[in-house]
Amino acid sequence: MTKPLDVERAVPVVKKAVNPYPLKESAIVKWSLITVALLYISLFLILPLISIFVTAFEKGWNTYVASIVDPHALAAIKLTITVALIVVPLNAIFGIAAAWAITKFSFRGKNLFITLIDLPFAVSPVIAGLIFILLFGAQGLFGDWLFEHDIKIVFALPGIILATLFVTFPFVARELIPLMQTQGITEEEASISLGAGGWKTFFYVTLPNIKWGLLYGLILCNTRAIGEFGAVSVVSGHIRGQTNTMPLHIEILYNEYQFTAAFAVASLMSILAIITIIIKHIITWKAKEV
């Protein structure tokens, strides 16, 4: 009777290289660089973050809570979370598939494929939103057909999802492609030669090797999905309580001079950002231990 394949034992262990000659600089250079970096971080990151929370709580806890539980604020929070829950898994699937295809296979048009993945980094989010308006708006290419079939894309949830997908889909793929290129295909070939199928090789060999890079890419994707403003602003229509995400809701409150309410909602996004940074450092720390 044939014994089941133990894929984990078939994977070779790669030892990390350690630099025996670390870079050394004088104490003056080292502390000068540290001081400049700390001043920069304090001026552009810490002070603005403190000002957000100070303004959010300047009228007391009750006003802060009232700003958060406002129906329009809750609708914006719900919409933002809904979009993230849809966009991030879709980008995970696309990112893994794209990275797998680019790093494990040779085919015509690979460089063009990589260029297309990087396209959202080059195109302004506002331009991306306008593209969807030109495609799915009332006067757009598919506008008449969508109107006849009573399908709403722009100024509705589908348009917000499409815009967010466009601006976030490179993050997972771009984290995985260099990682998988470095790892090569040796372990997959060994697994398949020992009798494992494609799916078994993926789940027992490829996925464990890329898990930290995948998690890091998902964090970046989720952060961008929550904070996206430009593309979503164009396709949302700014319908209060319906198509306003958290960034759009903050903008409206700020333009209406409701500064405390605006900074209260902004504080929630700041808390999410802080949690994201903590998770990022945990993942980086865990990845170094592997």
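Which residues does T276 touch, not counting residues up to four places away in sequence? In this predicted model, T276 touches I219 and T223 once those sequence neighbours are set aside. T276 lies in helix α15, which spans residues 259-289, and T276 is buried, with a relative accessible area of 19%. That value falls under the 20% limit used for the buried class.

Helix α15 is also the place of I271, but I271 is partly exposed, its relative accessible area being 34%. I271 and I151 are 120 residues apart in sequence, and their C-alpha atoms are 36 Å apart in space.

**Aromatic pairs**

A search of the whole structure finds 17 aromatic pairs. Two of these pairs are set out in the table below, since a pair of aromatic rings is described by the distance of the centres and the angle of the planes.

| Pair | Arrangement | Centre to centre | Angle between planes |
|---|---|---|---|
| F166 and F169 | edge-to-face | 6.3 Å | 70 degrees |
| W199 and F203 | stacked | 6.0 Å | 25 degrees |

The pair of F166 and F169 counts as edge-to-face because its planes stand 70 degrees apart, and an angle over 60 degrees places a pair in that class. Both partners are buried: F166 has a relative accessibility of 19%, and F169 has a relative accessible area of 18%. F166 and F169 also belong to one aromatic cluster, which is formed together with F94, F132, F136 and F142.

The pair of W199 and F203 is stacked, with 25 degrees between the planes, because an angle under 30 degrees is what that class requires. W199 and F203 are four residues apart in helix α12, residues 198-227, and are therefore separated by about one helical turn. W199 counts as exposed, at 66% relative accessibility, whereas F203 counts as partly exposed, at 45%.

**A nonpolar surface patch**

Which residues make the nonpolar surface patch of about 900 Å²? The patch is made by Y40, I41, L43, F44, L45, I46, L47, I50 and V54. One of these residues, L45, lies in helix α2, which covers residues 27-56. L45 counts as exposed because its relative accessibility is 54%, and the exposed class begins over 50%.

Technical notes
Residues numbered from 1 in each chain as written. Predicted model: local features only at pLDDT ≥ 70, side-chain atom pairs only at ≥ 80, totals over all residues. Heavy atoms only, no water. Helix = DSSP H or I, 4+ residues; strand = E, 2+ residues; numbered from the N terminus. Buried < 20%, exposed > 50% of the residue type's maximum accessible area, 1.4 Å probe, protein only. Contact = heavy atoms within 4.5 Å. Patch = residues over 30% accessible without salt bridge, like charges linked within 9 Å, V, L, I, M, F, W, Y side chains within 5 Å. Areas by Shrake-Rupley, 256 points an atom, 1.4 Å probe, with all protein chains shown as cover. Salt bridge = Lys/Arg side-chain N within 4 Å of Asp/Glu carboxyl O. Phe/Tyr/Trp six-rings, centres within 6.5 Å; stacked < 30°, edge-to-face > 60°.
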